[in-house]
Amino acid sequence: MNYIKILKSKVLGDDPAEKIRSVLPVSESQFSCDPSECHTSFKESCFTLKGADASAPLYESAKPVDLHILVSTGKTDWEHDAFEEKGTILNLVNRESGKLAETCGINVKSNVTNDALDFSDPDSLSLNKLKVLLLPWFVSINGITKDNIEEIFDIIKTIVSDENNKGAEAVVLEEKLKNMNGVNVSKCSNGSYVLLCSHRTRDKRCGITAPIMKKEFDSQLRDIDLYRDPGDDRPDGVKVLFVNHVGGHKFAANVLIYNKHGEFVWFARCTPLNVKFMIEETVLGHKVNAEHVRACAHFQEIKW
């Protein structure tokens, strides 16, 4: 345990709620809505956890993410190790992410997503030209190839290493990559991203729970005009994405939320009955439910 953790432990004690409250506001609202308010019918058995999976402490069972690298694949399920798909350059993302984490001393997490590909580009379809979303920077890079990936990640390293770039990483990245041939950088118009593990090949529970959770999120977001389809760039929407294994599938459903307002929270043991809370209290209200938090962090608000 490092000195910072020791100091926090002495100041805040061992109460997870107090530790969480020191990072993000905690809501007093009920985490579960009445079943009559849920838009989606589902079997409770799909979300039933047993033994320690249902009772073990959640907070600090995962680490807050400093930089989350999300690669579009157009798929909802992947090989057991999603980054080792043959004939693609996905393994290079894992390699460069590891180097970035080691060099900068930060927690870098890499996942693939179901976000759409450019069907007019064979290199995009074969995953030899990649589109990557960087959170919590709320910026995407399109056009990463085996020939430019090292240079792009070297630029990301320089941005991470300079404290003066905090909150303006996307602006700096856009400026540094604007003259790189074949590469396009764009700031994300969405106000929030919701990530759901759908990696059935890795764990069947995730493959069952994620589509149910997404259906509920999409339905409720449509009701308040925040749902965003691929290609819908209206500002301040909420995009719900499937991702590969995030860790802790025994606590399914896992839900990771990034708000442009400045919050990251990783919820677990979630069901569709919790979606109303996560939209109203976390996405819109910027608050969390302490009992279901595995990890959380506050970052500088994104201003566009």
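Of the 304 residues of the protein chain, 52% count as buried. The structure is a predicted model. Its protein chain has nine helices and 10 strands. The radius of gyration of the protein chain is 19 Å, close to the 19 Å given by the globule rule for 304 residues, so the chain is as compact as a globular protein of that length.

**Overall chain**

- Taken along the principal axes, the box filled by the C-alpha atoms of the protein chain is roughly 50 × 45 × 35 Å.
- Counting contacts between residues at least 6 apart in sequence, 74% join residues at least 24 apart.

**Helices H4 and H6**

- Helix H4 covers residues 90-104, and its axis comes within 10 Å of the axis of H6.
- The two axes cross at roughly 25°, which makes H4 roughly parallel to H6, since angles under 35 degrees count as such.
- The crossing of H4 and H6 is right-handed.
- On the H4 side, the residues that meet H6 are Leu92, Val93, Arg95, Glu96, Ser97, Lys99, Leu100, Thr103 and Cys104.
- On the H6 side, the residues that meet H4 are Ile149, Glu150, Phe153, Ile156, Lys157, Val160 and Ser161.
- By class, the residues of the contact of H4 with H6 are eight nonpolar, three polar and five charged.

**Helices H6 and H7**

- Helix H6 (residues 149-161) also packs with helix H7 (residues 169-177), their axes being 10 Å apart.
- H6 and H7 cross in a right-handed sense.
- From H6, the residues in this contact are Ile152, Ile155, Ile156, Thr158 and Ile159.
- Their counterparts in H7 are Glu169, Val172, Leu173, Lys176 and Leu177.
- The contact of H6 with H7 includes seven nonpolar residues, together with one polar and two charged residues.

**Leucine 70**

- Strand E1 (residues 67-72) holds leucine 70.
- Leucine 70 counts as buried because its relative accessibility is 1%, under the 20% limit.
- Leaving aside neighbours within four places in sequence, leucine 70 is in contact with Asn111, Thr113, Lys131, Val132, Leu133, Leu135, Leu195 and Val243.
- Leucine 70 and asparagine 114 are 44 residues apart along the chain, and their C-alpha atoms are separated by 9.8 Å.

**Lysine 214**

- Lysine 214 is placed in helix H8, which runs over residues 204-223.
- With a relative accessibility of 14%, lysine 214 counts as buried.
- Apart from neighbours within four places in sequence, lysine 214 is in contact with Leu196, Val240 and Phe242.

**Threonine 271**

- Threonine 271 lies in the loop between strand E9 (263-267) and helix H9 (275-283).
- The relative accessible area of threonine 271 is 17%, so this loop residue is buried.
- Not counting residues up to four places away in sequence, threonine 271 touches Phe47 and Met213.

Terms used:
Residues are numbered from 1 along each chain as its sequence is written. This is a predicted model: local features need pLDDT of at least 70, side-chain atom pairs count only at pLDDT 80 or more; totals for chains, interfaces and linings use all residues. Side-chain values use heavy atoms; hydrogens and water are left out. Helices (H or I, at least four residues) and strands (E, at least two) are DSSP runs, numbered from the N terminus. Buried means under 20% relative accessible area, exposed over 50%, partly exposed in between (1.4 Å probe, protein chains only). Contact means heavy atoms within 4.5 Å. Axes are lines fitted to C-alpha atoms, for helices over the stretch in contact, and angles run from 0 to 180 degrees between N-to-C directions. A crossing is left-handed if the near helix is turned anticlockwise from the far one by less than a right angle, and right-handed if clockwise. Ala, Val, Leu, Ile, Met, Phe, Trp, Tyr, Cys and Pro count as nonpolar, Asp, Glu, Lys and Arg as charged, and the others, Gly among them, as polar. The radius of gyration is taken over C-alpha atoms; the globule rule is 2.2 Å times the number of residues to the power 0.38. Angles under 35 degrees count as roughly parallel, over 145 as roughly antiparallel, 65 to 115 as roughly perpendicular and the rest as oblique.
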